[in-house]
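Let's take a walk through a protein model together.

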Amino acid sequence: MDDVGTLTMDRLLRRNAAEVGDRDFIVIEGSRLTYAGMQARAEQVAASLRGLGVRRGDTVAVLMPNCLTFMELLFGCLHLGAVCAPINARFQRNELRHVIPDCGASVVVVHDEISPHAEHLDRLGSAFPEIAAAAASDAAEPLSVADAPSLRWVVSMDANAAAGVLGPTRFAEAAHDSANGQAADRSPDGPAMMFYTSGTTSNPKGCVLTHSALIRVGAMTAQRFEYRDGDVMYDPLPMFHTAVSQPLAAMMLVRGTFVSQVFPDPDEAMALIAREGVTQAFTAFPTITEGILDHPAYDADTTLAGLKTLFNVAPPDAQRSIQSRLRHTKLVNAFGMTETAGSATMVRVTDPDDVRLTTQGTPMDGLEVEIRGEDGTPLPAGETGEIAIRGITLFGGYHNAPEKNEASFDGRGFWLSGDLGVLTEDGQLLFKGRTKDMLKVGGENVAAIEIESHLQTHPGVKIAQVVGYPDPTYGELPAAFIEPRAGHAPSEEELIDHCVGAIASFKVPRVVRFVTEWPMSSTKVQKFKLRDQLVQELDPAS
């Protein structure tokens, strides 16, 4: 992987298509494409996009659940030299009204047949009346949308697409011959994808990531986790997230196979892992990892016997619990975000357990991490402060957000993450939570992650999320939302007693609520919704 600095994502696909063309590249449940098949589809999609007027540097928005079509659109954009903007499939009217004009998309592509709950075309019509009117018309014509002036076409890949939008047949017929087989000649430092961060309290922010950033983080992932030629990766996470682009690039660099699902489902996951011979997993979030390990058919000796590594991000006690249930697999960990194209720090598969399970590892090659005090000065090892990052995979700034960029970058080129951390003497990062995920209880600063980590040591707790709610005496008090582990039904009193004497009294949750579903953005729990729900319950007049 010595040539990662010269590659683009589309060049990497072409190279693999030439070298291992008949090897499976993408497998999504019952559908699959080889490297050669994906290259052919990328050329066809690029030709159709060019026929709709898309040119190098233009933006194409992709709004659909995980599917082969999503990947075909991604690599079609990259082949043409356009920027692919994968839009969170959960976004509703208000988010769409922001991101579609903000990214400047000239084409939006949807695929609603994948899921009965998608209805993305309806959501677009709700956000932009001109799209609703066009979809209801008899013929598909270029759009003129007042609040999204760059938008010219909505394409539906559904077989029964509405007459007023371009369906798959018309999209294919739009192909411009000159695009076929002609790949864009672009720099690795050119834009490849525009991800929108899943902001929980404000409009999502666009992050433009370069080919170089995507490939370099993939290369470092493959190196630290020791991925090998022909590995098979299981990753069911949303394709609009860097938790897919990162392991996808890693698999491409080792000429591996990327296995996914339309939506995470433990039953299908276990079948896929066995059927496809999965050797690496990137489940990343406890809700997905625990779903597999808690499955009635899971057997620690046989179910994941061929799995070398499993990537999961959770507090140390939860990591230890997961590792104890993995007989053949090493649990690996990292710290990252969209702004760094994925992981910014990462453990190594060769690290001892106390490093792999309790730290987020050391900075990726080419990245610098500092811990900043409240006055912005770097702090020594062992002290908690804000994590600041600078280096080769860091994004260049939020799209169309100069004020946000001014507040987020310092004069030395470091990006201020809004996350709290500690660097150990040997350079390992310890993640301590969000700066805005802090509670102020009677004048004491409390990190929600500290309470969550302790609650997750209780055998009946699968996932814990802690928020603060207003109190006239203490200013704020902690409340815990709990998803119980299958077969367990802990009580509120039991969980509070679990904390008493183990953590400081001002950190003990005063209220515990139980949930079966979490309010989610893309991959993050929207804590403000939990807080609002609790405040309304405790004080309906508020």
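Predicted model: local features only at pLDDT ≥ 70, side-chain atom pairs only at ≥ 80, totals over all residues.

Let's begin with the aromatic rings. A pair of aromatic rings is described by the distance of the centres and the angle of the planes. How many aromatic pairs does a search of the whole structure find? The search turns up nine of them. Take Phe395 and Phe409 as one example: their ring centres are 5.7 Å apart and their planes sit at 35 degrees, so this pair is tilted. Now look at where the two partners come from. Phe395 belongs to the loop between strand 18 (385-391) and helix 14 (402-408), while Phe409 belongs to the loop between helix 14 and strand 19 (415-423), so the pair ties together parts that are 14 residues apart in sequence. Phe409, with a relative accessible area of 22%, is partly exposed; the cut-off for buried is under 20%.

Phe395 also pairs with Trp415. Here the ring centres lie 5.9 Å apart and the planes make an angle of 85 degrees, so you're looking at an edge-to-face pair. Phe395 and Trp415 are both buried.

Pick out Lys205, and you'll see its charged end sitting over the ring of Tyr398, 5.6 Å from the ring centre. Arg372 does this with Phe414: the charged end of Arg372 sits over that ring, 5.0 Å from its centre.

Now on to the helices. Find helix 4 (residues 93-103) and helix 5 (residues 120-127), which pack with their axes 8 Å apart and at an angle of about 75 degrees. Helix 4 and helix 5 are therefore roughly perpendicular to each other, since angles from 65 to 115 degrees get that description. Which residues meet here? On the helix 4 side they are Arg93, Leu96, Arg97 and Ile100, and on the helix 5 side Arg123, Leu124, Ser126 and Ala127. Sorted by class, this contact has four nonpolar residues, one polar residue and three charged ones.

By class, the contact of helix 3 with helix 9 has six nonpolar residues, with no polar and no charged ones.

Ala284 has a phi near 70 degrees, a positive value in a residue other than glycine. Ala284 lies in strand 11 (residues 280-284) and, at 3% relative accessibility, counts as buried. Asn400 also has a positive phi without being glycine, with a value near 55 degrees. You'll find Asn400 in the loop between strand 18 and helix 14. Is Asn400 buried or exposed? Its relative accessible area is 53%, so Asn400 is exposed.

Next, go to Ser106 in strand 5 (residues 105-110). Ser106 counts as buried, at 14% relative accessibility. Setting aside neighbours within four places in sequence, Ser106 is in contact with Val54, Asp58, Thr59, Ser150, Leu151, Arg152 and Trp153.

The last stop is Ala447 in strand 22 (residues 444-447). Ala447 is buried, with a relative accessible area of 12%. What does Ala447 touch, not counting residues up to four places away in sequence? The answer is Lys432, Asp437 and Met438. Finally, compare Ala447 with Val467: the two are 20 residues apart along the chain, and their C-alpha atoms are separated by 9.8 Å.

Terms used:
Residues numbered from 1 in each chain as written. Heavy atoms only, no water. Phe/Tyr/Trp six-rings, centres within 6.5 Å; stacked < 30°, edge-to-face > 60°. Helix = DSSP H or I, 4+ residues; strand = E, 2+ residues; numbered from the N terminus. Buried < 20%, exposed > 50% of the residue type's maximum accessible area, 1.4 Å probe, protein only. Lys NZ or Arg CZ within 6 Å of the ring centre and 35° of its normal. Axes fitted to C-alpha atoms, helices over the stretch in contact; angles between N-to-C directions. Parallel < 35°, antiparallel > 145°, perpendicular 65-115°, else oblique. Contact = heavy atoms within 4.5 Å. Nonpolar A, V, L, I, M, F, W, Y, C, P; charged D, E, K, R; others polar.
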